[in-house]
Amino acid sequence: MTERLYLDDPDRLTFEARVVGVRTLAGRPAVVLDRTAFYPEGGGQPADRGRLGGAAVVDVQEVDGEVLHALEGAPPDAGAPVPGEVDAVRRRDHLQQHHGQHLLSAAFEATAGAHTVSFHLGAETCTIDLDAAPASLGEERLRAAEARANDLVFRDLPVTARDFAPAELAALPLRKAPEKGARIVVVGDPARGEVVDASPCGGTHPRRTGAVGAIAVLGAQRWGGGTRVEFVCGARAVRALAEARGRLAAAAASLRCAPAEVPAATARLAAESAQRRKDLDRLAAALAEGEADRLATAQPAGAVRAVLAPPAPGAAGYLRAVASGLAARGRAAFLGAVEDGRAHLAFARPREAGPGAPGAVRLDMGARVREAAARLGGKGGGAPDLAQGSGPDAAALEEALAAAAHGA
């Protein structure tokens with residue numbers, strides 16, 4: 001049985017051990033030690049990295065009760081003494097994220113009655129899944145939980161992580177019952193009855209909450225029947241702030257304003273863009289009306305069949321507008337266009353028979369556009385009086401239009 005030094009001393013990063021077994025892990029040589037400060041992956045926390053003697057430790061996993069240290073290179077012989085060194089930066093990062101999760105989970109339970117059902121410590125950010133719906137966790141509650149969690153950090157409360165006797169467990173305000181073992185991470189002073197959180201955990205935790213540094217909630221989204229909250233702690237929070245500031249500075253440079261003026265500048269730009277969109281829509285509608293007039297004049301009788309060249313990107317919308325304009329003039333329309341190598345279709349007919357379009361109301365444009373789109377290698381559909389489709393075979397457009405308009 002390997003003595004797990006990280007449980008009692010999370011600050012210990014160097015140690016001496018003896019190899020008690022040589023195994024393999026994911027195709028790599030791996031060793032079992034009589035004692036180790038390396039944390040094996042588990043409980044949502046990734047494994048430590050570092051070195052054993054002259055070999056890099058690339059993974060640590062618990063398999064059938066043994067802690068396997070996967071090595072890059074040849075393993076030492078069984079029985080050999082070996083010095084170990086844990087990667088300090090990685091250990092500190094995981095410790096900050098993991099204990100920060102405990103504090104944030106306790107804060108969500110206290111401020112919103114939301115319980116944590118799972119935790120993931122990722123390479124860039126961390127997440128907790130809560131059993132509360134997003135509607136009950138608006139921005140105000142997210143910030144309230146964040147503020148409460150950071151208050152626990154800034155108060156630099158004592159943290160105890162050890163096995164508790166049954167009588168001691170009964171006196172603790174556990175967030176969840178232990179599933180195996182009795183190791184509990186307690187924030188506060190149990191002797192004084194000042195416990196702000198108590199939760200079973202076998203991970204690495206600091207001796208005081210101040211080591212977490214800070215906790216930043218990045219956002220939340222629906223996840224299953226609950227909510228997934230994304231967050232970062234410690235050095236990651238500092239990096240996230242620097243990245244956000246960099247993005248804000250880039251946006252300010254593009255908008256030619258001060259960073260503090262970005263919200264107002266983007267709102268103004270969005271309003272101007274919406275107005276331009278409306279102006280473009282009105283212009284496109286006028287152009288479509290003009291094109292419908294031109295086609296109706298150029299083909300004074302029967303159905304109108306044509307391949308158009310839209311004046312701007314958005315062939316599907318332009319074709320629909322022209323086809324609708326022709327239908328309003330009592331004409332059946334079989335129109336096509338090519339945009340970015342793809343053929344587009346828009347077929348329309350008047351709701352009632354109009355001048356020059358005898359029997360047009362009997363045409364089922366939905367059925368005809370489906371057949372034409374199939375000739376283009378694509379799909380289409382719609383109502384009997386107005387339908388659209390598209391396909392990748394632009395070379396077959398003329399043929400598809402001729403077949404669709406046959407007999408109209």
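I began with Cys 233 in this predicted model, and found that its sulfur lies 6.1 Å from the closest cysteine sulfur, that of Cys 126, which is too far for a bond, given that a disulfide needs two cysteine sulfur atoms within 2.5 Å. I also looked up the accessibility of Cys 233, which is buried, with a relative accessible area of 0%.

I then counted disulfides over the chain, and the count came to zero. Cys 201 is in no disulfide either, for the nearest cysteine sulfur, again in Cys 126, is 13 Å away. I noted that Cys 201 counts as buried, at a relative accessibility of 13%.

Turning to the fold, I recorded nine helices and 20 strands in the chain. The radius of gyration is 34 Å, well over the 22 Å that the globule rule gives for 408 residues, so I describe the chain as more spread out than a compact globule. Along the principal axes, I found that the C-alpha atoms fill a box of roughly 95 × 50 × 45 Å.

For the contacts, I looked at those with a separation of 6 or more, and 59% of them join residues 24 or more positions apart. Buried residues, I noted, make up 42% of the 408 in the chain.

Definitions and conventions. Residues are numbered from 1 along each chain as its sequence is written. This is a predicted model: local features need pLDDT of at least 70, side-chain atom pairs count only at pLDDT 80 or more; totals for chains, interfaces and linings use all residues. Side-chain values use heavy atoms; hydrogens and water are left out. Helices (H or I, at least four residues) and strands (E, at least two) are DSSP runs, numbered from the N terminus. The radius of gyration is taken over C-alpha atoms; the globule rule is 2.2 Å times the number of residues to the power 0.38. Buried means under 20% relative accessible area, exposed over 50%, partly exposed in between (1.4 Å probe, protein chains only). Contact means heavy atoms within 4.5 Å.
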